[in-house]
Structures are given as C-alpha cells and as structure tokens.
Amino acid sequence: QLQLVESGGGLVQPGGSLTLSCATSGFTLDYYAIGWFRQAPGKEREGVSCISRRGGSTYYADSVKGRFTMSRDNAKNTVYLQMNSLKPEDTAVYYCAAASYYLTLQVMCDMGRANYWGQGTQVTVSS
C-alpha cells in the first residue's frame with residue numbers, strides 16, 4: 001500500500017527552524033517527483049517546494065525562497081523540508097505528495113498536480 005507520512009511539525013517561535021520529514025513506502029521513490037504543499041485556515045492550498053526524481057532540480061515558491069530547503073534521500077525513502085527563519089504566515093498544515101509525471105516542477109507545485117498525498121503535519125509559528 002502506497003503511503004506518505006509527514007512528521008516534524010510543531011510549535012516554533014518566529015525566526016526559529018523546523019525540519020519536516022516525509023517517509024514513503026509501498027512504491028519506488030526514485031520514480032516520483034515529490035512536493036511539499038501547505039494549507040492555512042481559510043486559504044487555498046499552496047505549493048511550497050517540489051523536487052525532481054533524483055533531486056537534481058528543485059523549485060521553491062517565492063514566499064519561501066531563501067528560507068526553505070528541500071532534499072531527498074531515495075535510499076531511505078524519505079524527503080525533507082528544512083525550514084529556517086520561520087514567520088507567522090508560515091503557519092499551516094504541511095503535506096507531501098508524489099507525482100509519477102510532471103510537466104515542470106513549477107507546474108507541479110503551482111497546480112498541486114500529484115498522484116498521492118500524505119495526511120499532513122501542523123506547523124504553527126507563534127510567540
């Protein structure tokens with residue numbers, strides 16, 4: 001059974017850091033691009049970052065560029081999102097998702113085009 005399980009969320013003060021993990025199982029991670037998405041209460045889902053199958057290319061939304069870093073370890077079936085300099089507006093439920101095909105990473109992220117989704121992990125940035 002294909003699964004994506006996010007972890008690492010929590011409460012952090014503004015300016016702090018968190019690292020999210022997305023553990024995958026039931027499929028060969030090498031064959032999938034992975035994206036991190038987020039949704040805040042009352043807002044539409046937003047693509048945060050997307051990474052190519054082997055990790056050679058990465059796309060970041062303008063809102064997180066320079067603060068977030070996405071990486072993957074296919075041998076460990078895990079994808080990461082390192083989040084630094086967190087702001088209150090980063091508060092959201094964060095989801096990882098897998099796409100077997102994508103036109104470009106930007107399209108994948110901007111349009112939320114993915115085949116499989118995790119359940120999400122809450123990130124709250126507040127003092």
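## Aromatic cluster

Phe27, Tyr32 and Tyr116 are joined into a cluster by ring pairs. Rings of Phe, Tyr and Trp (its six-membered ring) pair if their centres lie within 6.5 Å; planes under 30 degrees apart count as stacked, over 60 as edge-to-face and the rest as tilted. This is a predicted model, in which local features need pLDDT of at least 70 and side-chain atom pairs count only at pLDDT 80 or more, while totals for chains, interfaces and linings use all residues. Residues are numbered from 1 along each chain as its sequence is written, and side-chain values use heavy atoms, with hydrogens and water left out.

The structure holds three aromatic pairs. In the pair of phenylalanine 27 and tyrosine 32, the ring centres are 4.8 Å apart and the planes stand at 75 degrees, so the pair is edge-to-face. Phenylalanine 27 is buried, at 14% relative accessible area, and tyrosine 32 is buried too, at 13% (buried means under 20% relative accessible area, exposed over 50%, partly exposed in between, with a 1.4 Å probe and protein chains only).

## A charge over a ring

Arginine 45 lies over the face of phenylalanine 37, 5.9 Å from the ring centre. The criterion is that NZ of Lys or CZ of Arg is within 6 Å of the ring centre and within 35 degrees of the ring normal.

## Nonpolar cores

A nonpolar core is a set of buried Ala, Val, Leu, Ile, Met, Phe, Trp, Tyr and Cys residues joined through side-chain atoms within 4.5 Å. The largest one has 28 residues, of which Ile34, Trp36, Phe68, Met70, Leu81, Met83 and Tyr94 touch the most other members. At least two residues of this core come from each of β3 (18-25), β4 (33-39), β5 (46-51), β7 (68-73), β8 (78-83), β9 (92-99) and β11 (121-125). β9 gives the most, with four residues. Strands (E, at least two residues) are DSSP runs, numbered from the N terminus.

Apart from this core lies another, of ten residues, including Cys50, Ala99, Tyr102 and Met108.

## The open sheet

Four strands form an open sheet in the order β1-β3-β8-β7, with antiparallel pairing; two strands pair if DSSP finds at least two bridges between them. β1 (3-7) and β7 are the edge strands, each pairing on one side only.

β1 and β3 pair in the antiparallel sense over five bridges. Serine 7 has serine 21, in β3, as its bridge partner.
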